[in-house]
Amino acid sequence: MSGTNILIVEDDADIREGIRILLESEAYDVTEAENGVQGLELLREDTDLVILDIMMPGISGLKTCEEIRKKSVVPILFLTAKAQESDKLIGLMAGGDDYLGKPFSYAELLGRVKALVRRYQVYRGKEGSGGQQEDRTIDLANIRINLDFNEVYVDGKEVELSTLEYRILLLMMQHPQKIFSAQNLYEAVWEEPYFYDCSGTVMVHISRLRNKIEKDAKKPRRITTIWGKGYRFEPMAE
């Protein structure tokens, strides 16, 4: 894992130190920030993951996340003492990718870190064919995915997706008109067992994805909802 850069933004010095020691034992390169302002200053283009506390003085973790999303699709793992489903959804709507309530076990934290980093590094990978072959692409409903470079174009314009948004879109475009339940999507994209409250997580990411690929996210034509069943990608949408 050498060369993998993780930024910890946490105002509690003891928690920050414990996470740093854990991650450095796994050969991650760790940068620490004690507040949101410092975290934004230390965010780099090669940052692979941000571990972000929600409840911080000054700029909150939610606001910090919103500022990060203005310039980066780096995965964000929220840490918070709040554990209600509504709080989790607020964090995801702000642009977070995952959520871990305090207190947490280091084993669970490490598992989530590895999963988020792995997905992001695959998403960012630019090791294509070196120009020796034509790009592999999927073209449906005026959306084009370049599989070699993980680039997404909507109506001819490139759009920036998070790793999870990209994986959802890719899966659905690979199987157009197939109805995916929330459980189908969660287990395939998050690669974790599905529980009832995971449906809200899927819903939030579908909403964020629609905001980026639909002409009118309130009247989606590319990713439609099949009430009581799930979601479906419409290959002939205009």
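Contact here means heavy atoms within 4.5 Å, and helices are DSSP runs (H or I, at least four residues) numbered from the N terminus. The model is predicted, so that local features need pLDDT of at least 70 and side-chain atom pairs count only at pLDDT 80 or more, while totals for chains, interfaces and linings use all residues. Residues are numbered from 1 along each chain as its sequence is written, and side-chain values use heavy atoms, with hydrogens and water left out.

**View 1. Helices H7 and H8 in contact.** Ala182, Leu185, Tyr186 and Trp190 of H7 meet Cys198, Ser199, Thr201, Val202, His205 and Ile206 of H8. By class, this contact holds seven nonpolar, three polar and no charged residues, where Ala, Val, Leu, Ile, Met, Phe, Trp, Tyr, Cys and Pro count as nonpolar, Asp, Glu, Lys and Arg as charged, and the others, Gly among them, as polar.

**View 2. The largest nonpolar core.** A nonpolar core is a set of buried (under 20% relative accessible area, 1.4 Å probe, protein chains only) Ala, Val, Leu, Ile, Met, Phe, Trp, Tyr and Cys residues joined through side-chain atoms within 4.5 Å. Among the 51 residues of the largest one, Val50, Val152, Leu169, Met172 and Phe233 touch the most other members. Helix H6, residues 163-174, gives the most to this core, with eight residues. Apart from it lies another core of 18 residues, including Leu23, Tyr28, Leu49 and Leu100.

**View 3. Thr163 in helix H6.** Thr163 is buried, with a relative accessible area of 1%. Not counting residues up to four places away in sequence, Thr163 touches Arg119, Tyr120 and Tyr123.

Methods:
Buried means under 20% relative accessible area, exposed over 50%, partly exposed in between (1.4 Å probe, protein chains only). Helices (H or I, at least four residues) and strands (E, at least two) are DSSP runs, numbered from the N terminus.
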